[in-house]
Amino acid sequence: MMHRPAMPPPSSVNAPGVQVLGLQWWTTDQLLREVFSAYGEVRVCRIYSDRANGKSKGYAYVEYATPEFAKRAVAELEGAQLDGKPIEVRQISVHEMKQFDMQNNKPSGPLSGPPHMRHGPLPPPPPPPRPPVSQNSN
């Protein structure tokens, strides 16, 4: 059996994508696309969400038509305020973004984990017992 060495990840310097960190949980794909489109043609815009609760994980991937657009976005948007919070923007390859998401793709929140460990909302209590039905005999 022949062992193949792992392929090195593509260089981020020439990647057309950027990773955006520090997003608010309510930031939308539409807003992100509008902001990043000012620096070039956006092909992909994806905010990563928690599978358990559907809320944003606070990071996104934006892919441009060219690496030059990505470089411009990084230069202009690194540290900028978005939805009232500073964001981090760095050039990244698709391969690196997939690795990042895999490392951060652990379910979290109140409904994650085994059922006996979940601390989500409790079910409603059972209704009170009904009083016995009396039968009137006239």
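What you see is a predicted model. Let me begin with strand E2, residues 42–49, and strand E3, residues 56–64: the two run antiparallel and are joined by 6 bridges. Within this pairing, isoleucine 47 has alanine 60 of E3 as its bridge partner. The hairpin of E2 and E3 has 6 residues between the strands, and glycine 54 adopts a positive phi there, near 80 degrees.

A positive phi also occurs in a residue other than glycine, namely aspartate 83, where the angle is near 55 degrees. Aspartate 83 sits in the loop that lies between strand E4 (81–82) and strand E5 (85–86). Its relative accessible area is 29%, so aspartate 83 is classed as partly exposed.

I turn now to charged side chains. How many salt bridges does the structure hold? It holds 1. The partners are aspartate 101 and lysine 57, with an N to O distance of 3.8 Å. This pair connects distant parts of the chain, since aspartate 101 belongs to helix H3 (residues 94–103) and lysine 57 to strand E3, 44 residues apart.

Are the two partners buried or exposed? Aspartate 101 counts as buried because its relative accessibility is 12%, which is under the 20% cut-off. Lysine 57, at 23% relative accessibility, counts as partly exposed. Leaving aside residues up to four places away in sequence, aspartate 101 touches Tyr48, Lys57 and Tyr59.

As general background, nonpolar side chains in soluble globular proteins tend to be buried together. In this model, the largest nonpolar core has 19 residues, and the members that touch the most others are Val18, Val20, Leu23, Leu32, Phe36, Val62 and Tyr64. At least two residues of this core come from each of strand E1 (17–21), helix H1 (29–37), E2, E3 and helix H2 (67–77). H2 supplies the largest share, 4 residues. A further core of 6 residues lies apart from this one, and includes Leu21, Tyr59, Tyr61 and Ile92.

Which residues does valine 18 touch, not counting those up to four places away in sequence? Among them are Phe36, Ala60, Val62, Tyr64, Ala70 and Val74. The contacts of valine 18 also include Tyr61, Val89, Arg90, Gln91 and Ile92.

To close, I return to Tyr59: this residue is touched by aspartate 101 and is a member of the core of 6 residues. Thank you for your attention.

Definitions and conventions: Residues are numbered from 1 along each chain as its sequence is written. This is a predicted model: local features need pLDDT of at least 70, side-chain atom pairs count only at pLDDT 80 or more; totals for chains, interfaces and linings use all residues. Side-chain values use heavy atoms; hydrogens and water are left out. Two strands pair if DSSP finds at least two bridges between them. A salt bridge is a side-chain nitrogen of Lys or Arg within 4 Å of a carboxyl oxygen of Asp or Glu. Buried means under 20% relative accessible area, exposed over 50%, partly exposed in between (1.4 Å probe, protein chains only). Contact means heavy atoms within 4.5 Å. A nonpolar core is a set of buried Ala, Val, Leu, Ile, Met, Phe, Trp, Tyr and Cys residues joined through side-chain atoms within 4.5 Å.
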